[in-house]
Amino acid sequence: MENIAFPKGFLWGAATAAFQVEGATDVDGRTDSIWDAFCRVPGKIVGGHTGEPGADHYRRFEQDVRMMADLGLGAYRFSIAWPRVRPDGGAVNQAGLDFYSRLVDTLLEHGIKPWPTLYHWDLPQKLEDTGGWAERDTAHRFAEYAESVVEALADRVDGFTTLNEPWCAAFLGYAAGIHAPGRTEPDAAVAAVHHLLLAHGLAGEVIRGAGKELGITLNMYPIIPADPSSEADRDVARRLDGLQQRIFLDPLLLGEYPADVLEDLEPFGFSSVIHEGDLKTISGPLDMLGVNYYTEHYVSAQPGEIGPSPWVGVGDHSFPRRDAPVTDMGWEVRPDGLTSVLLRVHNDYPSIPLYITENGAAYPDQPGVDDAERTEYIASHLRAAHTAIAAGVDLRGYFCWSLMDNFEWAEGYAKRFGIVHVDYDTQVRTPKMSARWFSAVARSNAIAS
């Protein structure tokens, strides 16, 4: 079996998020995020779990960095907890900044590139109390927070990602109510989309002003009509694609919102939150786009589940199950969809370097570390990524999700995505089969065909 080589300098890493791994939620001045508050709402999180203990990364980061170095990883994508750096959205907390400074120093000492994300969904609860992302002022508070982080870390970090998956933050948090802050207000959700993008633009000015590289990460999936000959199915797919992809890609890379999306969302007051000059701010120069990919969306206009939906303005829709293997999350395994997503950005938008910033799978992992299914999942998606590279896509790196088992949002600790097993009682880390395999790939810069 021949090896498929990736381009010279291709970046291999693993990713985590602050609330999922850090624990220590009330330590060194950190205050509540919307996820701390959401976890206290009965029935919202499987098992009633919370961000404690996470993977105790706040206390064990040095051990974790050594583990990354042992695996031969070239980069670590982590997020910074806004409630640590500016508790309650207020004044700077030096202890919080110092933690991330120590983390960056330790990564550099081990030859690992720090890849910080400023926002992975942990809005300070005090800012949510005044309206959260539905309010324009939150974007300005984010810019202040970004300035604090950039000032502290820019001397040792090459660049910053502003937001992770703003689709989830806006639509799962403010429309469907299944993520924090748990609101089911379509008008607030579409306002949150624009204010998140404005926050990116304002923070981007800070980041570029410091001479650092700027990125943003979007979760992207092909949207496939169940019956391509059905006008209703095609229209539902168009609407979903508008909300999942184009409502973010077009303002970021083209400087405008798609006309059909503006029309779809007009009943929810979307255009009223867009101020003169906002799109110029949002579309400032980007140095890279992160793509998070897990599956495809196969959609029908037939009615589905009743209840609050993230798909604002879409109307009747459902997601028929096809004949395909699924992960422990119930997501179809569709590696070819990754090729499609990368090619789409390459073909439809101005040229921009791409990174796969999340890709991975949850499986039960019995008896804990023998995870052949996850290994094959990652391998098949790396082959799909290489297919895109061969077709001309400027793909420069891959981060597996996730480095360690951790708190999986509304699923609590019930789902395990890590290539490293975490015993939550003892906090013992044990690399799984997938970690050993991924280590070999990272070291050789190649994968078996």
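1. Strands β4 and β5 (residues 159-164) pair in the parallel sense over 2 bridges, where pairing requires at least two DSSP bridges between the strands. Tyr119 stands opposite Leu163 in β5. Helices (H or I, at least four residues) and strands (E, at least two) are DSSP runs, numbered from the N terminus.

2. The model is predicted: local features need pLDDT of at least 70 and side-chain atom pairs pLDDT 80 or more, whereas totals for chains, interfaces and linings use all residues. Residues are numbered from 1 along each chain as its sequence is written, and side-chain values use heavy atoms, leaving out hydrogens and water.

3. β4 also pairs with strand β3 (residues 75-79), in the parallel sense and over 5 bridges; here Ala75 stands opposite Lys113 in β4. Because 6 of the 7 residues of β4 (residues 113-119) are buried, the strand is largely enclosed by the rest of the structure. Buried means under 20% relative accessible area, with a 1.4 Å probe and protein chains only.

4. In helix α8 (residues 166-176), 11 of its 11 residues are buried, among them Trp167, Phe171 and Tyr174. The elements covering these residues include β4, β5 and α10 (231-253), contact being heavy atoms within 4.5 Å. Just after α8, Gly177 takes a positive phi of about 75°.

5. β4 gives the most to the lining of the second largest pocket, with 4 residues. That lining divides into 9 nonpolar, 4 polar and 5 charged residues.

Definitions and conventions:
Buried means under 20% relative accessible area, exposed over 50%, partly exposed in between (1.4 Å probe, protein chains only). Ala, Val, Leu, Ile, Met, Phe, Trp, Tyr, Cys and Pro count as nonpolar, Asp, Glu, Lys and Arg as charged, and the others, Gly among them, as polar.
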